[in-house]
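Let's take a walk through a protein model together.

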Amino acid sequence: MPHAVLHCPLLRELDIASCHKLSDAAIRSATTSCPLLESLDMSNCSCVSDQTLQEISASCGNLRVLDASYCPNIAFESVRLQMLTVLKLHSCEGITSASIAAIANSSMLEVLELDNCSLLTSVSLDLLRLQNIRLVHCRKLTDLILRSSVLSSVTISNCPSLQRISITSNALKKLVLQKQESLTTLALQCHLLQEVDLTECESLTNSICEVFRSDGGCPILRTLVLDSCESLTAVSFCSTSLVSLSLGGCRAVTSLDLSCPYLDHISLDGCDHLEKARFSPVGLSSLNLGICPKLNVLHIEAPQMVSLELKGCGVLSEAFIDCPLLTSLDASFCSQLKDECLSATTSSCPLIESLVLMSCPSVGPDGLSSLHCLQSLTYLDLSYTFLVNLQPVFDSCLYLKVLKLQACKYLSDASLEPLYKGNALPALTELDLSYGTLCQSAIEELLACCRHLTHVSLNGCINMHDLDWGSPIDDRLSVMSTFHEAFDSPTEKVNQPVQYQDDRLLQNLNCVGCPNIRKVVIPPSAGCFHLSSLNLSLSSNLKEVDISCCNLYLLNLSNCYSLEILKLDCPKLTSLFLQSCNMNEEAVEGAIMQCNMLETLDVRFCPKISPLSMVMLRTACPSLKRIFSSLVPNMISSSTS
């Protein structure tokens, strides 16, 4: 349509978008003949010129909405549209900073969109009614100044040259400035601003912290995202409103100082160069600093914190922790953590229930003695430490339920005697002695006398040879245990007769990878009425297993290559794992005949068991639902029998 003739004096809305063949003169004639025009869409009309816009402004005094996007010949420099409220100038190649000066005369303007204006270098607008502005893909834009008391939406994206932003608004609540990699200066006077996202603003420096102080221009800011701002080195915030702070990927940050009493969420993922951190005070309920391996100085005052993880802070040498509600502290691999620090922490955090000090070689008797301050302590992990004496633990941790001592190779054979001779730690139910060096007799006495234990782990104990609870020594030790319990506290038990305990409370026993175990015998007389899970896998020299346990439901003998004899009287056994065992079909058949509730049998990689034996095994144990075997396609289930 090369021509358009309009004479519509009452027309208020005109849409000629994408009418590419309309000449500039035709558009000018059509629009100026509509004096009451309020809305005009001439986007993608490539012939439109500034002269046409000037005549429109002179003829259409009521024009409020104008879309002149994709009109490459307009610069808007001499255009005056006093009543304009919405202006869209996407991909207008002629728009420059001079155009902005003309736009600034549109005092009624509420919405302005300037996407892909490639020659635009600076925008400075002081418009009382401006509510919404878009600046996307303005690749030469370096400066942005916006002042409007009602400005509520600012969209800025992919402006790679943008260096300075200043925004004044009483309505803006959320500001997203992601990936503005050249941004160095940000000034905000936005008293209602609550959320700011500056992700990947790589040029921002430490001065950005001053922008978000409580006495600054964003007094009620709640959420701040500074992820991957790689120029930040020292972050310091003092804010009474900040609730959430994210510094993920800020790899250059070495110092962090937060005084934010209501801060309840922080992300420090990737801050692996952080050396000094101060949280005083903060409202955090939990904190994980285990992702900061270079942290050496820590100060925390957190009245609401219940969980603190310092796992892997190997150079942490100075720590002040004042968290009166703290219940869980994991300081695994904090090799520089000393007794003085532990003592101060136990004094200021008296409610700790779980304490992990695994691989903390600098912790000694003085530090462990301070545990008497923790009257609620029930879980203690001292694995991989150099402890030689556990007496401070026995004296201080009266209510301890779980004690882990993995790989404590410096403990002597007599170090655990208070447990089975002195009735120490009477509430203890779980004990882990895996990879230790206790002798066979010490292990035997412990298992025989500490019948209140429910979970015991002896994985990798090279000095453990046999587990024979049918031997005379086991009966004798059991009697001794009851004797000690009866007479250790005569003031409390003077009127009680000596009672022999016939049953153990043991529920779970793990002896994985004990290379010197050759025989396991658990007869009914052993009193293992509560034993439900027994794991003897990877015990390569185990030859004989004879178990009679009425409540055992899981038995793992996988990779016990030497196993020859298997006798089971376990009516509730549901899962039996014999993977990579050399037992033949007859031995397995005889073992499972009395297991009337067995559902799962794993005989994968058992070279002496052929596919033909699956039917025989089902006949021997009709309750079987699943047989795992590497010699058949996948798994033989009850549906194939």
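Start with residues 473-501, where pLDDT stays under 50. Keep in mind that this is a predicted model, and that pLDDT is the predictor's confidence in each residue. Over that stretch, 473-501, the model has 32 contacts beyond four places in sequence. Now look at residues 632-641: pLDDT stays under 50 here too, and the model gives this stretch 16 contacts beyond four places in sequence. How does the protein chain score overall? Its mean pLDDT is 90, and 92% of its residues reach 70 or more.

Next, step back and look at the fold. If you trace the protein chain, you will pass through 13 helices and 40 strands. The chain is more spread out than a compact globule, because its radius of gyration is 39 Å, well over the 26 Å that the globule rule gives for 641 residues.

Among contacts with a separation of 6 or more, 42% come from residues 24 or more positions apart.

Finally, think about charge. The protein chain carries 41 positive and 64 negative charges. How far apart are the mean positions of these positive and negative charges? They are 4 Å apart.

How values were computed:
Residues are numbered from 1 along each chain as its sequence is written. This is a predicted model: local features need pLDDT of at least 70, side-chain atom pairs count only at pLDDT 80 or more; totals for chains, interfaces and linings use all residues. Side-chain values use heavy atoms; hydrogens and water are left out. pLDDT is the predictor's confidence in each residue, from 0 to 100. Contact means heavy atoms within 4.5 Å. Helices (H or I, at least four residues) and strands (E, at least two) are DSSP runs, numbered from the N terminus. The radius of gyration is taken over C-alpha atoms; the globule rule is 2.2 Å times the number of residues to the power 0.38. Lys and Arg count as positive and Asp and Glu as negative; His and the chain ends are not counted. The place of a charge is taken as NZ of Lys, CZ of Arg, CG of Asp or CD of Glu.
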